[in-house]
Amino acid sequence: MYKYKELMHLDLETSSLCNALCPVCNRRANGGLKNKAFRETYVSLEQFKKWFSDDFVAQLFGMQMCGNYGDSMTNPDLIPILTHVKAINPEITLTMNSNASGRDPEFWYELGKLIGSKGTLTFSVDGLEDTNHLYRKGTNWSKIMMAMKNFIKGGGNARWEFLVFKHNQHQIAEARALSEELGIEKFFEKKAMGFVHHDTNRQVKEGIRVFDVDGSFQYMIEPPEKQFTNKVVASEKYDKLWHQTKNMTEPDDIDSIIERIKKDNKNGVLVETTPTYNPPKFVKDNDRPLTEWEIKLGNSKIDCMVLHNKSVFVAHDGLVFPCCFTASKYYAYDNEETAQLKDFVNSFGKDKISLHHTSMEDIIDGPMFQEKYPENFNNNNVRDKRLRTCSLFCGKETNDEFSETIESIEANYSET
(Lines give C-alpha, C1' and ligand atoms only; values in the text may rest on other atoms or scores of the structure.)
Protein backbone atom coordinates (compact mmCIF):
# COMPACT_ATOMS: atom_id res chain seq x y z
CA MET A 1 0.00 0.00 0.00
CA TYR A 2 0.99 3.66 -0.04
CA LYS A 3 2.89 5.35 2.80
CA TYR A 4 1.67 8.22 4.98
CA LYS A 5 3.92 10.78 3.28
CA GLU A 6 2.57 9.73 -0.12
CA LEU A 7 -1.11 10.38 0.65
CA MET A 8 -2.65 12.97 -1.65
CA HIS A 9 -6.36 12.64 -0.99
CA LEU A 10 -8.52 12.45 2.14
CA ASP A 11 -12.06 11.10 2.00
CA LEU A 12 -13.54 12.33 5.28
CA GLU A 13 -16.94 11.39 6.65
CA THR A 14 -17.46 14.54 8.69
CA SER A 15 -20.80 13.44 10.10
CA SER A 16 -23.01 10.40 10.68
CA LEU A 17 -26.11 12.59 11.01
CA CYS A 18 -28.68 12.75 8.23
CA ASN A 19 -32.22 13.98 7.71
CA ALA A 20 -32.98 11.50 4.91
CA LEU A 21 -34.30 7.94 5.16
CA CYS A 22 -32.98 6.43 1.92
CA PRO A 23 -33.95 2.74 1.64
CA VAL A 24 -30.51 1.46 0.52
CA CYS A 25 -28.55 3.35 3.18
CA ASN A 26 -27.11 1.35 6.09
CA ARG A 27 -28.50 3.91 8.55
CA ARG A 28 -31.87 2.16 8.50
CA ALA A 29 -33.45 -1.14 7.51
CA ASN A 30 -34.82 -0.20 4.07
CA GLY A 31 -35.56 3.33 5.24
CA GLY A 32 -37.43 2.10 8.32
CA LEU A 33 -36.13 1.02 11.72
CA LYS A 34 -32.87 2.63 12.76
CA ASN A 35 -29.56 0.75 12.75
CA LYS A 36 -28.32 0.85 16.35
CA ALA A 37 -24.81 -0.42 15.51
CA PHE A 38 -23.35 3.03 14.75
CA ARG A 39 -23.24 6.29 16.72
CA GLU A 40 -24.72 9.52 15.48
CA THR A 41 -21.93 12.03 15.81
CA TYR A 42 -19.85 14.54 13.88
CA VAL A 43 -16.21 15.59 13.60
CA SER A 44 -15.70 18.88 15.42
CA LEU A 45 -13.09 21.45 14.41
CA GLU A 46 -11.16 20.60 17.57
CA GLN A 47 -11.22 16.89 16.69
CA PHE A 48 -10.17 17.58 13.11
CA LYS A 49 -7.09 19.49 14.31
CA LYS A 50 -6.12 16.63 16.63
CA TRP A 51 -6.47 14.00 13.93
CA PHE A 52 -4.85 15.84 11.02
CA SER A 53 -1.68 17.89 11.42
CA ASP A 54 -1.12 21.08 9.44
CA ASP A 55 1.66 19.31 7.53
CA PHE A 56 -0.72 16.52 6.54
CA VAL A 57 -3.39 18.97 5.36
CA ALA A 58 -0.73 20.88 3.40
CA GLN A 59 0.37 17.77 1.49
CA LEU A 60 -3.12 16.95 0.23
CA PHE A 61 -4.24 17.58 -3.33
CA GLY A 62 -7.90 17.04 -2.50
CA MET A 63 -10.43 16.37 0.24
CA GLN A 64 -13.77 14.65 -0.37
CA MET A 65 -16.79 14.77 1.96
CA CYS A 66 -19.36 12.19 0.98
CA GLY A 67 -19.78 9.68 3.78
CA ASN A 68 -21.55 6.38 4.28
CA TYR A 69 -23.81 7.14 7.25
CA GLY A 70 -24.25 10.90 7.18
CA ASP A 71 -24.47 14.05 5.10
CA SER A 72 -21.70 16.59 5.68
CA MET A 73 -24.15 19.50 5.62
CA THR A 74 -25.33 18.25 9.05
CA ASN A 75 -21.96 18.96 10.64
CA PRO A 76 -22.29 22.24 12.59
CA ASP A 77 -18.50 22.74 12.29
CA LEU A 78 -18.28 22.11 8.54
CA ILE A 79 -17.71 25.75 7.56
CA PRO A 80 -15.04 26.27 10.29
CA ILE A 81 -13.31 23.00 9.26
CA LEU A 82 -13.18 23.97 5.59
CA THR A 83 -12.05 27.49 6.47
CA HIS A 84 -9.22 25.95 8.52
CA VAL A 85 -8.25 23.60 5.66
CA LYS A 86 -8.21 26.38 3.06
CA ALA A 87 -6.10 28.61 5.32
CA ILE A 88 -3.42 25.88 5.42
CA ASN A 89 -3.81 24.69 1.84
CA PRO A 90 -5.45 27.35 -0.38
CA GLU A 91 -5.00 25.22 -3.53
CA ILE A 92 -6.73 22.10 -2.20
CA THR A 93 -9.66 20.79 -4.23
CA LEU A 94 -12.76 20.30 -2.08
CA THR A 95 -15.55 17.97 -3.18
CA MET A 96 -18.76 17.01 -1.42
CA ASN A 97 -22.06 15.17 -1.95
CA SER A 98 -25.31 16.22 -0.30
CA ASN A 99 -29.07 15.67 -0.46
CA ALA A 100 -29.18 19.46 0.22
CA SER A 101 -32.44 19.37 2.18
CA GLY A 102 -31.42 21.49 5.15
CA ARG A 103 -29.51 24.43 6.66
CA ASP A 104 -30.07 28.07 5.74
CA PRO A 105 -29.17 30.29 2.76
CA GLU A 106 -26.11 31.70 4.56
CA PHE A 107 -24.66 28.21 5.06
CA TRP A 108 -24.95 27.30 1.37
CA TYR A 109 -23.60 30.67 0.25
CA GLU A 110 -20.53 30.29 2.50
CA LEU A 111 -20.06 26.71 1.33
CA GLY A 112 -20.16 27.93 -2.26
CA LYS A 113 -17.41 30.45 -1.49
CA LEU A 114 -15.19 27.80 0.14
CA ILE A 115 -15.61 25.11 -2.50
CA GLY A 116 -15.51 27.67 -5.28
CA SER A 117 -15.03 26.93 -8.95
CA LYS A 118 -12.09 24.60 -8.41
CA GLY A 119 -13.98 22.09 -6.29
CA THR A 120 -17.40 20.50 -6.76
CA LEU A 121 -20.55 19.92 -4.77
CA THR A 122 -22.66 17.08 -6.15
CA PHE A 123 -26.34 17.44 -5.35
CA SER A 124 -27.84 13.96 -4.95
CA VAL A 125 -31.37 14.62 -6.18
CA ASP A 126 -33.26 11.75 -7.79
CA GLY A 127 -36.25 13.27 -9.51
CA LEU A 128 -38.38 16.39 -9.34
CA GLU A 129 -40.74 17.72 -6.69
CA ASP A 130 -43.20 14.85 -7.12
CA THR A 131 -40.64 11.99 -7.18
CA ASN A 132 -37.37 12.87 -5.42
CA HIS A 133 -38.74 12.00 -1.97
CA LEU A 134 -39.65 8.44 -3.01
CA TYR A 135 -36.01 7.37 -2.74
CA ARG A 136 -34.62 10.37 -0.80
CA LYS A 137 -37.26 9.92 1.89
CA GLY A 138 -37.58 12.83 4.27
CA THR A 139 -36.13 15.47 1.96
CA ASN A 140 -37.87 18.73 1.15
CA TRP A 141 -37.95 20.11 -2.39
CA SER A 142 -38.12 23.81 -1.49
CA LYS A 143 -35.06 23.43 0.77
CA ILE A 144 -33.16 21.71 -2.04
CA MET A 145 -33.95 24.52 -4.48
CA MET A 146 -32.86 27.08 -1.88
CA ALA A 147 -29.59 25.22 -1.33
CA MET A 148 -28.78 24.93 -5.02
CA LYS A 149 -29.46 28.59 -5.72
CA ASN A 150 -27.45 29.92 -2.79
CA PHE A 151 -24.50 27.59 -3.30
CA ILE A 152 -24.20 28.74 -6.90
CA LYS A 153 -24.72 32.36 -5.83
CA GLY A 154 -21.71 31.95 -3.52
CA GLY A 155 -19.54 30.93 -6.48
CA GLY A 156 -19.63 27.19 -5.99
CA ASN A 157 -19.28 24.70 -8.84
CA ALA A 158 -22.31 22.38 -8.75
CA ARG A 159 -23.28 19.06 -10.29
CA TRP A 160 -26.58 17.20 -10.16
CA GLU A 161 -26.48 13.41 -9.77
CA PHE A 162 -29.79 11.76 -10.68
CA LEU A 163 -30.27 8.09 -9.69
CA VAL A 164 -32.66 6.51 -12.17
CA PHE A 165 -35.64 4.38 -11.15
CA LYS A 166 -38.89 3.41 -12.85
CA HIS A 167 -40.75 6.21 -11.09
CA ASN A 168 -38.44 9.02 -12.27
CA GLN A 169 -36.94 7.91 -15.59
CA HIS A 170 -39.45 10.00 -17.54
CA GLN A 171 -38.14 13.17 -15.84
CA ILE A 172 -34.49 13.10 -16.92
CA ALA A 173 -34.86 15.67 -19.70
CA GLU A 174 -36.93 18.02 -17.52
CA ALA A 175 -34.46 17.74 -14.63
CA ARG A 176 -31.55 18.42 -16.98
CA ALA A 177 -33.29 21.55 -18.27
CA LEU A 178 -33.88 22.71 -14.69
CA SER A 179 -30.21 22.17 -13.84
CA GLU A 180 -29.21 24.41 -16.76
CA GLU A 181 -31.68 27.06 -15.63
CA LEU A 182 -30.19 27.01 -12.13
CA GLY A 183 -26.63 27.31 -13.44
CA ILE A 184 -25.49 23.82 -12.48
CA GLU A 185 -22.31 22.93 -14.33
CA LYS A 186 -23.02 19.23 -15.00
CA PHE A 187 -26.11 17.04 -14.86
CA PHE A 188 -25.78 13.28 -15.12
CA GLU A 189 -28.18 10.40 -14.74
CA LYS A 190 -26.70 7.41 -12.95
CA LYS A 191 -27.64 3.74 -12.84
CA ALA A 192 -28.76 2.96 -9.30
CA MET A 193 -27.20 0.11 -7.34
CA GLY A 194 -29.14 -2.03 -4.90
CA PHE A 195 -31.08 -4.24 -7.28
CA VAL A 196 -28.68 -7.19 -6.94
CA HIS A 197 -28.25 -9.23 -3.76
CA HIS A 198 -24.64 -9.30 -2.57
CA ASP A 199 -25.11 -12.89 -1.53
CA THR A 200 -23.56 -16.19 -2.55
CA ASN A 201 -25.29 -16.34 -5.96
CA ARG A 202 -25.90 -12.69 -7.00
CA GLN A 203 -29.69 -12.98 -7.19
CA VAL A 204 -31.44 -10.09 -8.92
CA LYS A 205 -34.11 -8.25 -6.92
CA GLU A 206 -37.45 -7.29 -8.42
CA GLY A 207 -37.32 -4.06 -6.49
CA ILE A 208 -36.27 -2.30 -3.29
CA ARG A 209 -38.76 -2.61 -0.45
CA VAL A 210 -39.32 0.66 1.46
CA PHE A 211 -40.44 0.75 5.10
CA ASP A 212 -41.71 3.45 7.43
CA VAL A 213 -39.82 4.47 10.59
CA ASP A 214 -41.98 2.11 12.66
CA GLY A 215 -40.97 -0.86 10.50
CA SER A 216 -44.19 -1.14 8.49
CA PHE A 217 -44.06 -1.68 4.71
CA GLN A 218 -44.76 1.39 2.57
CA TYR A 219 -44.04 0.72 -1.10
CA MET A 220 -41.64 -0.83 -3.61
CA ILE A 221 -39.07 1.04 -5.73
CA GLU A 222 -38.49 -0.61 -9.09
CA PRO A 223 -35.58 -0.33 -11.55
CA PRO A 224 -36.20 1.53 -14.84
CA GLU A 225 -38.13 -0.65 -17.26
CA LYS A 226 -36.15 0.40 -20.36
CA GLN A 227 -32.76 1.86 -21.19
CA PHE A 228 -33.15 4.92 -19.01
CA THR A 229 -31.98 7.40 -21.63
CA ASN A 230 -35.33 6.86 -23.35
CA LYS A 231 -38.18 9.10 -22.29
CA VAL A 232 -41.27 7.19 -21.15
CA VAL A 233 -44.61 8.16 -19.71
CA ALA A 234 -44.99 7.90 -15.92
CA SER A 235 -47.18 5.02 -14.88
CA GLU A 236 -50.52 5.53 -13.15
CA LYS A 237 -49.13 3.52 -10.23
CA TYR A 238 -46.43 6.08 -9.47
CA ASP A 239 -48.79 8.99 -9.96
CA LYS A 240 -50.96 7.48 -7.21
CA LEU A 241 -47.89 6.90 -5.04
CA TRP A 242 -46.99 10.58 -5.31
CA HIS A 243 -50.40 11.57 -3.95
CA GLN A 244 -50.10 9.02 -1.14
CA THR A 245 -46.66 10.17 -0.01
CA LYS A 246 -46.52 13.90 -0.74
CA ASN A 247 -47.70 14.71 2.80
CA MET A 248 -45.49 12.09 4.43
CA THR A 249 -44.22 13.20 7.83
CA GLU A 250 -40.83 14.83 7.49
CA PRO A 251 -38.15 13.74 10.00
CA ASP A 252 -36.44 16.30 12.21
CA ASP A 253 -34.88 19.07 10.16
CA ILE A 254 -31.13 19.57 10.29
CA ASP A 255 -31.16 22.55 12.64
CA SER A 256 -33.19 20.70 15.27
CA ILE A 257 -30.95 17.62 14.95
CA ILE A 258 -27.85 19.77 15.51
CA GLU A 259 -29.36 21.51 18.52
CA ARG A 260 -30.43 18.20 20.02
CA ILE A 261 -27.05 16.57 19.54
CA LYS A 262 -25.29 19.50 21.22
CA LYS A 263 -27.72 19.46 24.13
CA ASP A 264 -27.86 15.68 24.65
CA ASN A 265 -24.17 15.00 24.93
CA LYS A 266 -21.09 17.19 25.16
CA ASN A 267 -19.18 14.63 23.09
CA GLY A 268 -21.59 14.97 20.21
CA VAL A 269 -23.43 11.65 20.54
CA LEU A 270 -27.12 11.67 19.78
CA VAL A 271 -29.39 10.04 22.36
CA GLU A 272 -31.63 7.52 20.60
CA THR A 273 -35.31 8.48 20.57
CA THR A 274 -36.66 6.43 17.65
CA PRO A 275 -37.35 2.69 17.23
CA THR A 276 -34.23 0.70 16.33
CA TYR A 277 -33.50 -2.57 14.59
CA ASN A 278 -30.98 -5.00 16.02
CA PRO A 279 -30.91 -8.07 13.73
CA PRO A 280 -29.49 -11.41 14.84
CA LYS A 281 -25.77 -11.86 14.33
CA PHE A 282 -24.83 -13.64 11.11
CA VAL A 283 -23.47 -17.15 11.67
CA LYS A 284 -20.89 -18.24 9.10
CA ASP A 285 -21.08 -21.83 7.86
CA ASN A 286 -17.49 -22.91 7.21
CA ASP A 287 -18.61 -26.35 6.03
CA ARG A 288 -20.71 -24.99 3.18
CA PRO A 289 -19.04 -25.42 -0.25
CA LEU A 290 -18.27 -22.13 -2.01
CA THR A 291 -20.52 -21.29 -4.94
CA GLU A 292 -19.18 -20.60 -8.44
CA TRP A 293 -19.72 -16.88 -7.81
CA GLU A 294 -17.71 -16.98 -4.58
CA ILE A 295 -14.87 -18.82 -6.28
CA LYS A 296 -14.92 -16.17 -9.01
CA LEU A 297 -14.76 -13.45 -6.34
CA GLY A 298 -11.64 -15.09 -4.93
CA ASN A 299 -9.93 -15.47 -8.30
CA SER A 300 -10.66 -11.97 -9.56
CA LYS A 301 -7.62 -9.70 -9.74
CA ILE A 302 -7.86 -6.75 -7.36
CA ASP A 303 -7.11 -3.34 -8.86
CA CYS A 304 -7.48 -1.20 -5.73
CA MET A 305 -8.73 2.18 -6.93
CA VAL A 306 -7.38 4.19 -3.98
CA LEU A 307 -3.82 3.14 -4.80
CA HIS A 308 -4.00 5.20 -7.99
CA ASN A 309 -4.90 8.50 -6.33
CA LYS A 310 -3.22 7.77 -2.97
CA SER A 311 -6.49 8.21 -1.07
CA VAL A 312 -7.63 7.15 2.40
CA PHE A 313 -11.05 7.15 4.06
CA VAL A 314 -11.67 8.32 7.64
CA ALA A 315 -15.07 7.48 9.12
CA HIS A 316 -17.19 9.68 11.40
CA ASP A 317 -15.81 7.91 14.49
CA GLY A 318 -12.15 8.14 13.47
CA LEU A 319 -11.73 4.62 12.04
CA VAL A 320 -9.33 4.59 9.08
CA PHE A 321 -10.04 2.46 6.01
CA PRO A 322 -8.62 2.48 2.48
CA CYS A 323 -11.98 3.46 0.98
CA CYS A 324 -15.64 4.21 1.64
CA PHE A 325 -16.66 0.74 0.45
CA THR A 326 -14.76 -1.12 3.16
CA ALA A 327 -15.79 1.46 5.76
CA SER A 328 -19.47 1.19 4.86
CA LYS A 329 -19.58 -2.49 5.84
CA TYR A 330 -18.30 -2.13 9.39
CA TYR A 331 -21.63 -0.99 10.86
CA ALA A 332 -23.87 -2.49 8.18
CA TYR A 333 -26.38 -5.25 8.80
CA ASP A 334 -24.72 -8.66 8.91
CA ASN A 335 -24.45 -10.92 5.90
CA GLU A 336 -21.59 -12.97 4.48
CA GLU A 337 -19.78 -9.86 3.20
CA THR A 338 -20.20 -7.55 6.18
CA ALA A 339 -19.51 -10.25 8.80
CA GLN A 340 -16.25 -11.04 7.03
CA LEU A 341 -15.17 -7.36 7.02
CA LYS A 342 -15.99 -6.98 10.72
CA ASP A 343 -14.02 -10.11 11.59
CA PHE A 344 -11.09 -8.79 9.54
CA VAL A 345 -11.01 -5.49 11.46
CA ASN A 346 -11.78 -6.90 14.89
CA SER A 347 -9.18 -9.66 14.65
CA PHE A 348 -6.55 -6.99 14.02
CA GLY A 349 -7.87 -4.60 16.67
CA LYS A 350 -10.31 -1.73 16.14
CA ASP A 351 -8.27 0.65 18.32
CA LYS A 352 -5.24 0.12 16.08
CA ILE A 353 -7.05 1.83 13.20
CA SER A 354 -8.81 4.45 15.33
CA LEU A 355 -7.54 8.04 15.37
CA HIS A 356 -8.77 8.27 18.95
CA HIS A 357 -6.04 5.80 19.94
CA THR A 358 -3.46 5.74 17.13
CA SER A 359 -1.97 8.48 14.97
CA MET A 360 -2.74 8.68 11.26
CA GLU A 361 0.91 8.11 10.41
CA ASP A 362 1.16 4.99 12.60
CA ILE A 363 -2.04 3.57 11.11
CA ILE A 364 -1.01 4.09 7.48
CA ASP A 365 2.61 3.00 7.94
CA GLY A 366 1.62 0.17 10.30
CA PRO A 367 0.78 -3.50 9.65
CA MET A 368 -2.91 -3.09 8.72
CA PHE A 369 -2.17 -1.02 5.61
CA GLN A 370 1.30 -2.34 4.82
CA GLU A 371 0.64 -6.04 5.43
CA LYS A 372 -2.98 -7.05 6.08
CA TYR A 373 -4.66 -5.39 3.10
CA PRO A 374 -1.97 -6.53 0.58
CA GLU A 375 -2.28 -10.08 1.96
CA ASN A 376 -6.04 -9.83 1.45
CA PHE A 377 -5.63 -8.74 -2.18
CA ASN A 378 -3.31 -11.67 -2.94
CA ASN A 379 -5.33 -14.40 -1.22
CA ASN A 380 -7.84 -16.29 -3.37
CA ASN A 381 -10.13 -17.66 -0.65
CA VAL A 382 -13.10 -15.40 0.12
CA ARG A 383 -13.82 -17.48 3.19
CA ASP A 384 -10.48 -16.93 4.91
CA LYS A 385 -8.79 -13.70 3.82
CA ARG A 386 -9.96 -12.25 0.52
CA LEU A 387 -12.48 -9.54 1.41
CA ARG A 388 -15.62 -9.88 -0.70
CA THR A 389 -16.01 -6.10 -0.63
CA CYS A 390 -12.66 -5.67 -2.40
CA SER A 391 -13.66 -8.08 -5.17
CA LEU A 392 -17.14 -6.58 -5.54
CA PHE A 393 -15.80 -3.05 -6.12
CA CYS A 394 -12.22 -3.50 -7.34
CA GLY A 395 -12.19 -7.03 -8.75
CA LYS A 396 -11.59 -6.78 -12.50
CA GLU A 397 -13.89 -9.71 -13.30
CA THR A 398 -16.49 -9.23 -10.58
CA ASN A 399 -17.26 -5.52 -10.12
CA ASP A 400 -19.89 -5.52 -12.89
CA GLU A 401 -22.62 -3.72 -10.93
CA PHE A 402 -20.28 -0.93 -9.79
CA SER A 403 -18.66 -0.68 -13.23
CA GLU A 404 -22.04 -0.32 -14.94
CA THR A 405 -22.90 2.52 -12.58
CA ILE A 406 -19.64 4.34 -13.38
CA GLU A 407 -20.00 3.66 -17.10
CA SER A 408 -23.51 5.15 -17.07
CA ILE A 409 -21.99 8.44 -15.86
CA GLU A 410 -19.07 8.33 -18.31
CA ALA A 411 -21.42 7.66 -21.23
CA ASN A 412 -23.51 10.65 -20.18
CA TYR A 413 -20.44 12.92 -20.01
CA SER A 414 -19.30 11.83 -23.46
CA GLU A 415 -22.69 12.87 -24.90
CA THR A 416 -22.68 16.36 -23.37
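User: What makes the charged end of Arg103 count as sitting over the ring of Phe107?
Analyst: The cut-off is NZ of Lys or CZ of Arg within 6 Å of the ring centre and within 35 degrees of the ring normal. Arg103's charged end lies 4.2 Å from the centre of the Phe107 ring and sits over that ring. Bear in mind that this is a predicted model, where local features need pLDDT of at least 70, side-chain atom pairs count only at pLDDT 80 or more, and totals for chains, interfaces and linings use all residues. Numbering runs from 1 along each chain as its sequence is written, and side-chain values use heavy atoms, leaving out hydrogens and water.

User: What about the charged end of Lys352?
Analyst: That one sits over the ring of Phe348, 5.2 Å from its centre.

User: Why is the pair of Tyr2 and Phe369 called tilted?
Analyst: Rings of Phe, Tyr and Trp (its six-membered ring) pair if their centres lie within 6.5 Å; planes under 30 degrees apart are stacked, over 60 edge-to-face, and the rest tilted. Here the centres are 6.2 Å apart and the planes at 35 degrees, so the pair is tilted.

User: And how do you know that Tyr2 is buried?
Analyst: Buried means under 20% relative accessible area, exposed over 50%, partly exposed in between (1.4 Å probe, protein chains only). Tyr2 has 2%, so Tyr2 is buried. Phe369, with 0%, is buried too.

User: Which residues do ring pairs link into a cluster?
Analyst: Tyr4, Phe48, Trp51, Phe52 and Phe56. By the pairing rule, the count comes to 19 aromatic pairs.
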